[in-house]
Amino acid sequence: MKLSERLHAAEDIAEASLGPGDPSTLFTPKPTFAESTQQVRPLPTGKPGGVAKPHTSVKLSDLPESPKPRAQQPVDAFAALKRRAATALFERLGARFNDSSVSEHELRSTAREELTRIIDAEQVPLSADERSRLVADVADDVLGYGPLQRLLDDPEVTEIMVNRMDQIYVERKGKLTLTDSGFSSEDHLRRVIERIVSKVGRRIDESSPLVDARLEDGSRVNAVIPPLAVGGSSLTIRKFSKIPLTIRNLIDFGTLTPEMAELLNACVKAKLNIIVSGGTGTGKTTLLNVLSSFIPEDNRIVTIEDAVELQIQQQHVVRLESRPPNTEGKGEVTIRELLRNSLRMRPDRIVVGEVRGGESLDMLQAMNTGHDGSLSTVHSNSPRDAVARLETLVLMAGMDLPLRAIREQIASAVNLIIQISRLRDGTRRITHVTEVQGMEGDIVTLQDAFVFDYSAGVDNHGMFLGRPVPTGIRPRFIDRFDDLGIRVSPGVFAAPLAPAART
C-alpha cells in the first residue's frame, strides 16, 4: 500500500471514530500512520544510480501534495439538526401531507406545533431567533418550496432564477442580483420542482425534461432538468403581484401617461382588437391584465392560455388552459383547439395569453368574423416587427396562403398595437401606441399615436427622464368612438411643444 493510501485510510478510521459530542466543534483526528511512525521508507532521489537519502521523519506538513485532512473540516450542526427535525416531522405527519381534507393553513399550524416538540426533545440550546429560524426553514422545506419560499414571500422580488442548486438570482426593481440562498443538493432542488409541477397536474422526468407550470398565485414557472440542463436543474419563476396592478399603478410607475390611459380605456370599450407586443419580461401579461380591467362587467370573457396566469377581475369569465400529452404521447389539447372551441361558447371577448404558433391564424379569423374586442400578446421588438411576426406565425398554421392574403387578414383584423419595452434602467415603458390603418399596395400601413421621448435623456442615476408623448396625429378609429358615443379629451392627441416654443 502506498503512503498516500495509508494516510487516507488512517484518516477515514479517525472520522469513523467521531463520538456523539458537539458537532459544531473542530475534531482533532488521531495520529495518522505517518505521524505515529518515527521513520518511513526513504524517498528515492530520482537520479539513475543515485544513493538514497538517510531515513528522516515525515509529517503531513512536509507533504505538499497531501490534501487537508477531511476530518478537520467543521460540521454544520444547524444543518444536521434541520435534517433530523424534517425526518421526524415526516414520520409523525406523513399521512396528513397527502390528506386533501386538511387545509394548507391547518397543516402548517400542526407542523409548527410538532416541530416545536421535536426541537424541545433534541435538547439543543438555541436562542429565540435560532429556534424561529429553524422552525421556519424546516416548515419551508417540508411544506413550502425550501430556500425559494423566503424569496417568494418577498414583495420586492419580481423574478427568481435558479441556475443550479447553489446559484439563485433574483430580480428587484429590474436589476438582477445573486442571493446567498441555495439548495442543499440537486435532489433537494428536484423535489421542489416536482412539488410545483405536480400541483397543476404536470410532470417532469427524463422523458419530459422541461415543463411550464404555475404556482397557486398564478406565478409562471419554467423548469428544465438534465439531460437538457447540463449544469444541473434550472428553475425560473416569474412572480405575479398578490394584488393585481391597476392602471393607476402603471401611471405611477411611469409605464404610461394619464392621456394614454384614457385612450386605451376608450379603445377597449370600443371593442378594438389589440395586440400587446414586447420582448421577454417586458410586462406584456401585466399590461394585458390592466387592459382587460376596462372590459365592461356584462361582457362574457373567454381566456385561453398555456398556463393560467391572467388575473381577470370580472366575474363572467371562462378560463381555458392547454394540456400537454401524457406519458403515451396522447391527450394533448393545443391553444389552437381551444381557440376554435371558444368560438362556440358565445364569447363577447376572447383573450389569448400569447400567440406563438398556428393559432394566430384562428385568432385573426375570429377577429374578422364578429368577435371584436379580442386581446392577445406577441413577442416582437417593434410594431412593424409585430406585423412581420404575425405573418410568420400564420404560415406556421400549415396553410398555403399567399403573403398578400395574410397581410390583408392582419390589416383588417388588428386595430391597435401597443409596444412595451424594458429599458436599460430596469423600468418597463410603453414605447409605441400604433394604429394599423390598412394596406397600401402590399404593405401594411402603421401610424404612431404615442411614442416614447428618448430625447429627454437620463438623470444622474441613469434613469430615463422621458415619457410617452403623443405625435399629434389623430387615429382613424376616433370616428368609431364618435359612432359609439365614447368621448376622449381633445388634449389626448395634442403634441408637446417644441423646446423653442416652450421658452
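Me: In what order do the six strands of the open sheet lie?

Reply: Strands here are DSSP runs of E with at least two residues, and helices are runs of H or I with at least four, both numbered from the N terminus. Two strands pair if DSSP finds at least two bridges between them. In this predicted model, where local features need pLDDT of at least 70, side-chain atom pairs count only at pLDDT 80 or more, and totals for chains, interfaces and linings use all residues, the order is β3-β2-β1-β6-β5-β4, with antiparallel pairing. Strands β3 (175-178) and β4 (210-214) are the edges, each pairing on one side only. Residues are numbered from 1 along each chain as its sequence is written, and side-chain values use heavy atoms, with hydrogens and water left out.

Me: How many bridges join β1 to β2?

Reply: Six bridges link β1 (residues 157-164) with β2 (residues 167-172), and the two run antiparallel. I160 is opposite V170 in β2.

Me: Is F294 buried or exposed?

Reply: Buried means under 20% relative accessible area, exposed over 50%, and partly exposed in between (1.4 Å probe, protein chains only). F294 counts as buried because its relative accessibility is 12%. F294 is located in the loop between α10 (284-292) and β8 (301-305).

Me: Which residues does F294 touch, not counting those up to four places away in sequence?

Reply: A contact means heavy atoms within 4.5 Å. On that basis, F294 touches I247, A261, L264, N265, V268 and K269. The C-alpha atoms of F294 and L264 are 8.6 Å apart, with 30 residues separating the two along the chain.
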